[in-house]
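Welcome, and please take a look at the structure below. The short report that follows walks through a few of its features.

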Amino acid sequence: MFKFLTEHWVDAFLVFMILISLLTGNKTLLYAMGIVFVLRMVRATAVLEILAGKGISWGILVITIGFLAPIALERYDLSQFKAVFTSPAGWIAILCGIAVAIMGGKGVIVGQTDMVITVGIILGTFLGVAVFKGNPVGPLIGSGMAWFIIALVRRIIPF
């Protein structure tokens, strides 16, 4: 059994995450894991390479469109736009937008280069959705936050 898991740990991990996704009703993770697992099983390495290289950019594009579509549909009026610049909540939101853009940018880099952070963020996001009923929208920002906290802690305690 140990030899099998050593040789097929990726498959075992994907199947385990699919089962946990089913048990917790996490459809987003279920679909993502299922697609990746099927692509792996049919040996669609070229497709996985494309997704590894462009998937995050495509996801950011779709999320950005999702935020802009209500504006295009005129679901907000000019007074709401004005409130962004004239209220404390608006300025806090602007600052948070800047912070998550910076952290998300760092998260893209870290997420592609540091497996410990990548797997930790995936598992943390999964637990946040399954246990705390959150939404799986923050792996990039989570990676960036992890980068920031790790950099901060390393200034105090080198590791």
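Helices (H or I, at least four residues) and strands (E, at least two) are DSSP runs, numbered from the N terminus. This is a predicted model, in which local features need pLDDT of at least 70 and side-chain atom pairs count only at pLDDT 80 or more, while totals for chains, interfaces and linings use all residues. Residues are numbered from 1 along each chain as its sequence is written, and side-chain values use heavy atoms, leaving out hydrogens and water.

Let us begin with a loop. Asp-77 sits between α4 (45-72) and α5. Its side chain makes a polar contact with the side chain of Ser-79 at 2.5 Å; such a contact is a pair of N or O atoms within 3.5 Å, where within protein one must be able to donate a hydrogen and the other to accept it, and residues adjacent in sequence count only if both atoms are side-chain atoms.

Next come two helices. The axes of α5 (residues 78-86) and α6 (residues 88-113) come within 5 Å and cross at roughly 80°. (Axes are lines fitted to C-alpha atoms, for helices over the stretch in contact, with angles from 0 to 180 degrees between N-to-C directions.) That makes α5 roughly perpendicular to α6, a label for angles of 65 to 115 degrees. On the α5 side, Ala-83, Val-84, Phe-85 and Thr-86 make the contact, and on the α6 side Pro-88, Gly-90, Trp-91 and Ile-94 do; contact means heavy atoms within 4.5 Å.

The structure also holds one aromatic pair. The ring centres of Phe-85 and Trp-91 are 6.1 Å apart and the planes stand at 75°, so the pair is edge-to-face. For this, rings of Phe, Tyr and Trp (its six-membered ring) need centres within 6.5 Å, and planes over 60 degrees apart.

Another loop, between α2 (9-24) and α3 (27-41), holds Asn-26. The side chain of Asn-26 reaches the backbone nitrogen of Leu-29 at 3.0 Å. Leaving aside residues up to four places away in sequence, Asn-26 touches Ser-21, Phe-126 and Val-129.

How open are these residues? Buried means under 20% relative accessible area, exposed over 50%, and partly exposed in between (1.4 Å probe, protein chains only).

| Residue | Relative accessible area | Class |
|---|---|---|
| Asn-26 | 5% | buried |
| Asp-77 | 41% | partly exposed |
| Trp-91 | 44% | partly exposed |
| Phe-85 | 54% | exposed |
| Ala-46 | 56% | exposed |

Ala-46 belongs to helix α4.

Key
Angles under 35 degrees count as roughly parallel, over 145 as roughly antiparallel, 65 to 115 as roughly perpendicular and the rest as oblique. Rings of Phe, Tyr and Trp (its six-membered ring) pair if their centres lie within 6.5 Å; planes under 30 degrees apart count as stacked, over 60 as edge-to-face and the rest as tilted.
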